[in-house]
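User: I would like to learn how to read the features of a protein model, one at a time. Please give the general idea and then the case at hand.

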Amino acid sequence: MTFSLERSFAEQQDRADPLAKLRNEFRIPRRADGSEQVYLCGHSLGLQPKTVAAFVQEELDNWAHRAVEGHFESQRPWLTYHERFAPSLARLVGAQPLEVVAMNTLTVNLHLMLATFYRPTRERPKILIEKHAFSSDRYAVASQIRLHGFDPASSMLEIGPRPGEEAVRTQDVLALIEREGARIATVMLPGVQFLNGQRFDLRAIAQQARAAGCRVGFDLAHAIGNVPIELHDCGADFAVWCHYKYLNAGPGAIGGCFVHERHARDFDLVRLGGWWGHDKASRFQMPHEMQPLPGAEGWQISNLPILAAAPLLASLAQFDNVGMPALRAKSLRLTAYLESLLRAQLADSLTILTPTDPDARGCQLSLRLKRSPSEALKVFEALEAGGFVGDWREPDVIRAAPVPLYNTFADVWEFAAALGRALR
Ligand SMILES: Cc1ncc(COP(=O)(O)O)c(C=O)c1O
């Protein structure tokens, strides 16, 4: 792809963009002077679709006018509300509807999945995670190891980049699983790494892990709605994710979970139980023995928080309308454009930590300024003050993600120009 440095080029790209009108479906935050912010922070919190308010209001109205009957008698009865997510979620993560469910939040789902898919033994006590895993994943994994009476110091196996490199090499992950596999109970890695934006090769990792007799699962927080995912075909045992980043379902939105079809009717699998995971036909008869539902639904515990879940329906309708192939095609161009502007204009001042290979990343670019962390933070704060929204991750990383649903080529041009000004 070749790009020009002129602003007029960005404007021309936006005019030619078949997805450009989607931006009008979102609420774009504004600066004090009323102009729209340049929001490149969808990797943290996606913007609000305008239709969200109506979906939430509908359930407030159902509650007001029908109260308990809302479970059974409304346009979208609460009793089966969660079932509406499955077809769209299945499309986004490359799964069958039976394999996915929306419930809880990400870390809670990770615990539920590890309760089933981390069953350590003296011979096989380890969990393989990534050295720079998101703190919550790390805490969850360490606490699960302790829960089973093992020590994270010896049972948490970590894979990181080679010295002097930023990304983890797939060949290093595969070699480690080959070497240590007989001691690894569970492999748990990200789809897209939160800090450097690296996309992992889920298929190669899942294959290798399963060949070594390990369970394997992925944290797709930064991958869902960002990059193509083929969970079923890659053979992962489980996956978890959130919907508040690229899925635009709001702060603290309900999370998601995948359990592979081959486990769908294995009712002997140990799991943490609750009535919402119990057979629908006899749920209200409340028998003493839990009979789990087939598929991912069988890992539900509680009934769905409807008001919190309603925004996800609004968001998924947008993804269904556009489809991931079109979004990914625009995303590849937007991120390549950002990369080319930064390389052409600011290469002396910053390093791009995210892989250059488009297949090995999603929307996000992670930048390290060639300054002390405190000087770099000042540059970031100057950007923020000007209404350019990315985020800062300790110790010294600026993350910026042009999101194809609502960002423009002009946003990218403006951001690169503002970063240049802040550096000067
Ligand atoms: C990679 C990753 N894992 C876990 C979490 C924590 O998610 P939650 O607070 O929904 O459990 C986040 C949140 O941003 C994340 O990015």
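Analyst: What follows goes through sheets, backbone details, cysteines and a cavity.

Analyst: This is a predicted model, in which local features need pLDDT of at least 70, side-chain atom pairs count only at pLDDT 80 or more, and totals for chains, interfaces and linings use all residues. Residues are numbered from 1 along each chain as its sequence is written, and side-chain values use heavy atoms, with hydrogens and water left out.

User: How do I read a sheet, and what is the strand order in the open sheet of seven strands?

Analyst: Strands of a sheet pair through backbone hydrogen bonds, in a parallel or an antiparallel way. Strands here are DSSP runs of E with at least two residues, helices are runs of H or I with at least four, and both are numbered from the N terminus. Two strands pair if DSSP finds at least two bridges between them. The open sheet of seven strands runs β4-β10-β9-β8-β7-β5-β6, and its pairing is mixed. At its edges stand β4 (100-102) and β6 (156-159), each with a single partner strand, so one side of each has no neighbour in the sheet. On average, neighbouring strands of this sheet are turned by 20° against each other, direction ignored; the axes are lines fitted to C-alpha atoms (for helices, over the stretch in contact), and angles run from 0 to 180 degrees between N-to-C directions.

User: In which sense do β7 and β8 pair, and which residue of β8 stands opposite M188?

Analyst: Strand β7 (residues 184-190) and strand β8 (residues 215-219) pair in the parallel sense, over five bridges. Opposite M188 stands G217 in β8, and T186 faces R215 of β8.

User: Is β8 enclosed or open to the outside?

Analyst: Burial is judged by relative accessible area: buried is under 20%, exposed over 50%, and partly exposed in between (1.4 Å probe, protein chains only). Four of the five residues of β8 are buried, so β8 is largely enclosed by the rest of the structure.

User: What is the strand order in the open sheet of four strands?

Analyst: The order is β11-β12-β15-β14, with antiparallel pairing. Its edge strands, β11 (350-352) and β14 (391-393), each pair on one side only. Neighbouring strands in this sheet are turned by 30° against each other on average, direction ignored. Between β11 and strand β12 (residues 365-369) there are three bridges in the antiparallel sense. T351 has R368 as its bridge partner in β12.

User: Now the backbone. Where is the cis peptide bond, and which residues other than glycine have a positive phi?

Analyst: The peptide bond from E394 to P395 is cis, with omega near 5°. P395 sits in the loop between β14 and β15 (397-400). N104 is not a glycine, yet its phi is positive, about 50°. N104 belongs to the loop between β4 and α4 (106-117) and is partly exposed, with a relative accessible area of 27%. N248, also other than glycine, has a positive phi near 55°. N248 lies in the loop between β9 (238-241) and β10 (256-259), and its relative accessible area of 2% makes it buried.

User: Where does G295 lie, and is G295 buried or exposed?

Analyst: G295 is in the loop between β10 and α10 (306-322). At 2% relative accessibility, G295 is buried.

User: How many disulfides does the structure hold, and why is C257 without a bond?

Analyst: A disulfide is a pair of cysteine sulfur atoms within 2.5 Å. The structure holds zero disulfides. The closest cysteine sulfur to that of C257 is in C242, 13 Å away, which is too far for a bond. C257 is buried, at 1% relative accessibility. For C363, the closest cysteine sulfur is in C41, at 12 Å, again too far for a bond. C363 is buried too, with a relative accessible area of 0%.

User: Last, how is a cavity read, and which residues line the largest cavity?

Analyst: Rolling a probe the size of a water molecule over the atoms shows where empty space is left. On a 1 Å grid over the protein atoms alone, a cavity is a set of points where a 1.4 Å probe fits but cannot get out, and lining residues have an atom within 4 Å of a point. Grid points are joined across faces, edges and corners, and a volume is the space filled by probe spheres set on the points. The count is one cavity of 30 Å³ or more, and the largest cavity has a volume of about 30 Å³. Its lining consists of D14, D17, L19, A20, R23, K330, P404, L405, Y406, N407 and T408. These divide into five nonpolar, two polar and four charged residues. Here Ala, Val, Leu, Ile, Met, Phe, Trp, Tyr, Cys and Pro count as nonpolar, Asp, Glu, Lys and Arg as charged, and the others, Gly among them, as polar.

Technical notes
1 Å grid on protein atoms, 1.4 Å probe; cavity = no way out; pocket = protein on both sides within 12 Å on 5 of 7 lines; lining within 4 Å.
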